[in-house]
Amino acid sequence: MNPETSGAECAATRLEADVAVIGGGVVGHGIAWEARRSGRSVVLIDEAPGSGASWAAAGMLAPVSELHYQEEGLLELMLESSARWPEFAATLTTGEDAGYLTTPTLAVGADPADRRALMDLRDVQRSHGLEVEPLTIREARSREPLLSPAISCALDIPADHQVDPRRLVRAIAAGLAGHRQETAAAEGYAVREHAAGLLWDGGRVSGVRLAGGGTVRAAETVVANGLAAAQLQDLPEGLHLPLRPVYGDILRLRVPAHLQPLLTATVRGMVRGVPVYIVPRQDGTVVIGATQREDGVPGTSAGGVYQLLRDAQVLLPAVAELELLEATARARPGTPDNAPLLGRVPAGGPRSGLEPGQEYGTDVAGLIIATGFFRHGVLLTPAAAVICRQLMDGIRDPRWAAFRPGRFSRGLQDPVGSVESAPVESGRLESAPALSPAPG
């Protein structure tokens, strides 16, 4: 039995805490950590914490590289979270290294068509004030000597960094386990059970019903369990969480001693129009990913593994000499607009918190949704954690109204302008250092 969770397991049938977090991935752990740092007691509910999409994630913190056409609405949130990463990582002083590195990212293209695509994207990035600077092939290879001399272009992206998600979950877990909290789970923080549904007390959510028959009573319940969020029982009436599984194949390889360091920076490449990335780790391994498929097949794709190795070798021929340690596939929770479902739920039905006399636009009390992060879960963890903590504090920041989880639910959408124009009750999201825009 895991000593970090034994206390929670032994008393899992009847627990009480200030906050119950459903979901033990990076996002769920980050929200639990922020809530605990605010002085609240926390219970996290997950059958196997850290084993889902977070286990496979490469951990690129890349607001610049991840700017996609028609997804510009996500940029402010990505930049906000990226700026919060140094302080977030600094709070994890538990002796567990989270693997947070501020090394830059290089974007490289394999052929002239890839160069045109990357340069077109650079124009979009620069139009948003993002720093992306071209390098000559000689400059790129002086920084990363094992890059192929045949690459067509290279771009320096200093603001895109990385973290190791597996180490990050361990570091946060150690921090949560080390906090003394006055709950029935005082010897731990996690309940290793399946969350079956929500508990209600009148018109508010009052905790979580466990599949084994137990309960976790809480003043605030955060639903952060990725794709499984849509299957929770007793969600607010009318709430539709349109989550779809987007699978990605990802490889981990060991670099032999004579090739170390294989890279000092993350390389994000384009090979015949197909993206590939190579992320170096401090332990002498690299992560190569990631395919993106919606075929419903949960296992690792043989074609995906072949494609990743083939394209990575085009950019970095030495990949052929590495030892393949692991091929993994996990499903990331996507939404129709590829943006997260983040915030409180507007009350709409008799079980949704709308009491007689309350006006349309009232939120369901005691419930926060934090899922649908798709490619950006690790990057967005610090911002999601602060947004959830501020909602618990009664603060609603209109900048994030576009991500409200009721936006795809007929009858639960906020009236036009009701959230965007709503004042923040006690201040905006605390300021974080802004990223410097590119000159000119």
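Select aspartate 156 first: at 15% relative accessibility it counts as buried, where buried means under 20% relative accessible area, exposed over 50% and partly exposed in between, with a 1.4 Å probe and protein chains only. The model is predicted, so local features need pLDDT of at least 70 and side-chain atom pairs count only at pLDDT 80 or more, while totals for chains, interfaces and linings use all residues. Residues are numbered from 1 along each chain as its sequence is written, and side-chain values use heavy atoms, with hydrogens and water left out.

**Salt bridges**

Helices (H or I, at least four residues) and strands (E, at least two) are DSSP runs, numbered from the N terminus. At 33% relative accessibility, arginine 143 counts as partly exposed.

Next, select arginine 293 and aspartate 249. Their closest N and O atoms are 2.9 Å apart, in a salt bridge. Arginine 293 lies in the loop between strand 15 (285-289) and helix 8 (302-315) and aspartate 249 in strand 12 (residues 244-254), so the pair ties together parts that are 44 residues apart in sequence. Both arginine 293 and aspartate 249 are buried.

Then go to arginine 167 and aspartate 97, a salt bridge with its closest N and O atoms 3.0 Å apart. Here arginine 167 belongs to helix 7 (residues 165-178) and aspartate 97 to the loop between helix 4 (75-90) and strand 4 (105-109), so parts that are 70 residues apart in sequence are tied together. Aspartate 97 counts as partly exposed, at 40% relative accessibility. The count of salt bridges comes to 29.

**Strand 12**

Stay with strand 12 and select leucine 251, which has its place there. Leucine 251 is buried, with a relative accessible area of 0%. Not counting residues up to four places away in sequence, leucine 251 touches Val286, Val287, Ile288, Val305, Leu308, Leu309, Leu324, Glu326 and Ala327; contact means heavy atoms within 4.5 Å. The C-alpha atoms of leucine 251 and leucine 324 are separated by 7.5 Å, and the two residues are 73 apart along the chain.

Move to arginine 252, also found in strand 12. At 9% relative accessibility, arginine 252 counts as buried. Leaving aside neighbours within four places in sequence, its contacts include Trp55, Arg166, Arg281, Glu323 and Glu326.

Two packed helices are described by the angle between their axes and the distance between the axes. Axes are lines fitted to C-alpha atoms, for helices over the stretch in contact, and angles run from 0 to 180 degrees between N-to-C directions.

Select helix 2 (residues 26-37) and helix 9 (residues 377-392): their axes come within 8 Å and cross at roughly 40 degrees. That makes helix 2 oblique to helix 9; angles under 35 degrees count as roughly parallel, over 145 as roughly antiparallel, 65 to 115 as roughly perpendicular and the rest as oblique. Among the residues that meet are Val26, Gly30 and Ile31 in helix 2 and Val378, Thr381 and Ala385 in helix 9. By class, this contact of helix 2 with helix 9 has ten nonpolar, three polar and two charged residues. Ala, Val, Leu, Ile, Met, Phe, Trp, Tyr, Cys and Pro count as nonpolar, Asp, Glu, Lys and Arg as charged, and the others, Gly among them, as polar.

The axes of helix 4 and helix 9 come within 7 Å and cross at roughly 85 degrees, which makes helix 4 roughly perpendicular to helix 9. Their contact has eleven nonpolar, three polar and one charged residues.

Finally, return to helix 2 and select helix 7. Helix 2 and helix 7 pack at an angle of about 30 degrees, with their axes 10 Å apart, which makes helix 2 roughly parallel to helix 7. On the helix 2 side, the contact includes His29 and Trp33, and on the helix 7 side Leu168 and Ile172.

**Whole chain**

Zoom out. The chain has nine helices and 18 strands, and of its 440 residues, 58% count as buried.

Conventions. A salt bridge is a side-chain nitrogen of Lys or Arg within 4 Å of a carboxyl oxygen of Asp or Glu.
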